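Hi there,

Here is the structure I promised to pass on. Have a look at it first, and my notes follow below.

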Amino acid sequence: MPAPEGNSEAELLLPGLRRPPRAVETFLKRAPEDLALLQLAACEDRHDEVRRIAHKLKGSAGSLGAVQLAQLCEGLQYSSNELSGEPLRERVVSLEQAYQRVSAALQRPAPAERAAP
Amino acid sequence: MSTRLDKFTPPAPASILRVLVIDDDDVARDVIVDVLEHDGHTVTSLPSPIGATKHIVDQHVNVVVLDLMMPSMRGDKLATLLGRNPKLKNLGVVLVTSARLEDVSALTEAMGSIAIVSKNGIQADLCPAVRRAARSR
């Protein structure tokens with residue numbers, strides 16, 4: 001599954017959802033650690049570990065409404081057995097790039113806050 | 001008359017339930033707690049099933065929300081164990097999962113009346129599922 005390239009806020013994060021600050025903070029702290037472990041597992045073709053981490057990230061991303069990131073995690077989870085070497089690592093890189101976009105969107109003030117004087 | 005009234009414990013109103021959330025994923029757990037609290041419920045949470053039964057009994061929990069895939073015990077297994085406990089016969093159960101719902105369709109059938117909610121749809125689907133689970137008991 002190719003990486004969706006949507007960059008608008010609505011494509012990155014479903015609008016109108018509840019995102020408690022503590023959950024966002026935990027996600028922004030843990031996801032980079034998980035992505036580093038995912039990269040390592042992909043480099044070593046450890047498919048079980050790739051699936052496990054992708055599944056975990058998918059749950060966190062999905063519950064925050066980061067649907068595009070969750071879809072990429074799901075794609076990696078379900079295709080990791082068929083991929084190895086460079087194609088697997090490229091998939092992880094796409095996921096990292098999607099995370100960076102989600103991370104930036106999560107740290108931007110909500111539209112109402114931006115509109116406040 | 002007064003004795004009868006003293007012994008009568010009214011059920012919690014449908015809109016105010018005591019809900020326990022068990023999920024090893026901190027992010028999903030915090031979101032689930034927040035969504036349920038926003039819906040008016042009194043919510044507690046645990047990161048694993050350890051101590052769940054005591055918590056449910058002590059806190060008079062009406063509904064438990066269980067993550068399907070937890071490292072220590074699968075949510076469906078825990079749901080089955082809770083269902084066999086005569087002390088918990090009025091407990092409602094909802095399972096949440098980040099797996100594709102089509103991949104757990106066999107489980108959906110096996111779990112009977114227990115709802116399975118996708119983590120992608122927590123914000124829209126969980127509260128109605130929790131209220132249904134409470135009403136079904």
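How much area is buried between chain B and chain A? About 1700 Å², with carbon and sulfur atoms giving 51% of that; buried area here is the accessible area (1.4 Å probe) that two parts lose on being put together, summed over both. Before the rest, please note that this is a predicted model, in which local features need pLDDT of at least 70 and side-chain atom pairs count only at pLDDT 80 or more, while totals for chains, interfaces and linings use all residues. Residues are numbered from 1 along each chain as its sequence is written, chains are lettered from A and ligands numbered from 1 in the order in which they are written, and side-chain values use heavy atoms, with hydrogens and water left out.

Back to the two chains. The contact (heavy atoms within 4.5 Å) takes 19 residues from chain A and 18 residues from chain B. Three salt bridges are counted between the chains, a salt bridge being a side-chain nitrogen of Lys or Arg within 4 Å of a carboxyl oxygen of Asp or Glu. R18(A) and D34(B) meet in a salt bridge, at 2.7 Å from N to O.

Over all chains, the count comes to 15 salt bridges. One joins D23(B) to K119(B), with the closest N and O atoms 2.9 Å apart. D23(B) sits in the loop between β1 (18–22) and α2 (26–38) of chain B and K119(B) in the loop between β5 (115–118) and α6 (122–135), so the pair ties together parts that are 96 residues apart in sequence. (Helices, H or I of at least four residues, and strands, E of at least two, are DSSP runs numbered from the N terminus.) Both D23(B) and K119(B) are buried; buried means under 20% relative accessible area, exposed over 50%, and partly exposed in between (1.4 Å probe, protein chains only).

C43(A) is partly exposed, at 44% relative accessible area, whereas C127(B) is buried, at 8%.

Best wishes
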